[in-house]
Amino acid sequence: SYYVDNRITATVKRRGAQMKMPDAKIYDDVIEVLYTSKSDSTVKWFARGVGLIYSSSNVTDSDFGAEMSLVGQK
């Protein structure tokens, strides 16, 4: 299985950032976390009190990043 055979490392890259989304919504106190494995690199942004607001993966069809999408867009 992918999750059994691969080690995923999470690194906090930025804290207390402000992020403006494509729909013009602005989130304060955002952290950026980089998740890396042998075959994937995914960046996720979390806003305090909201949770995941955005995720981007270098492997679009990977099991690890595929479930994530831009939150707040319709």
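Why is strand β3 largely enclosed by the rest of the structure? Before selecting anything, note that this is a predicted model, in which local features need pLDDT of at least 70, side-chain atom pairs count only at pLDDT 80 or more, and totals for chains, interfaces and linings use all residues. Residues are numbered from 1 along each chain as its sequence is written, and side-chain values use heavy atoms, with hydrogens and water left out.

Select residues 41-47 to begin: this is β3, and 5 of its 7 residues are buried, so the strand is largely enclosed by the rest of the structure. Buried here means under 20% relative accessible area, with a 1.4 Å probe and protein chains only, while strands are DSSP runs of E, at least two residues long, numbered from the N terminus.

Now move to β4, residues 51-57, which pairs with β3 in the antiparallel sense over 6 bridges, and find Thr42 with its bridge partner in β4, Ser57. The hairpin of β3 and β4 has 3 residues between its strands, and Gly49 in the turn has a positive phi of about 80°.

Finally, select residues 9-20, strand β1, which is joined to β2 by 8 bridges and runs antiparallel to that strand. Here Ala17 stands opposite Val30 in β2, and in the hairpin of β1 and β2, with 5 residues between the strands, Ala24 takes a positive phi near 80°.

Terms used
Buried means under 20% relative accessible area, exposed over 50%, partly exposed in between (1.4 Å probe, protein chains only). Helices (H or I, at least four residues) and strands (E, at least two) are DSSP runs, numbered from the N terminus. Two strands pair if DSSP finds at least two bridges between them.
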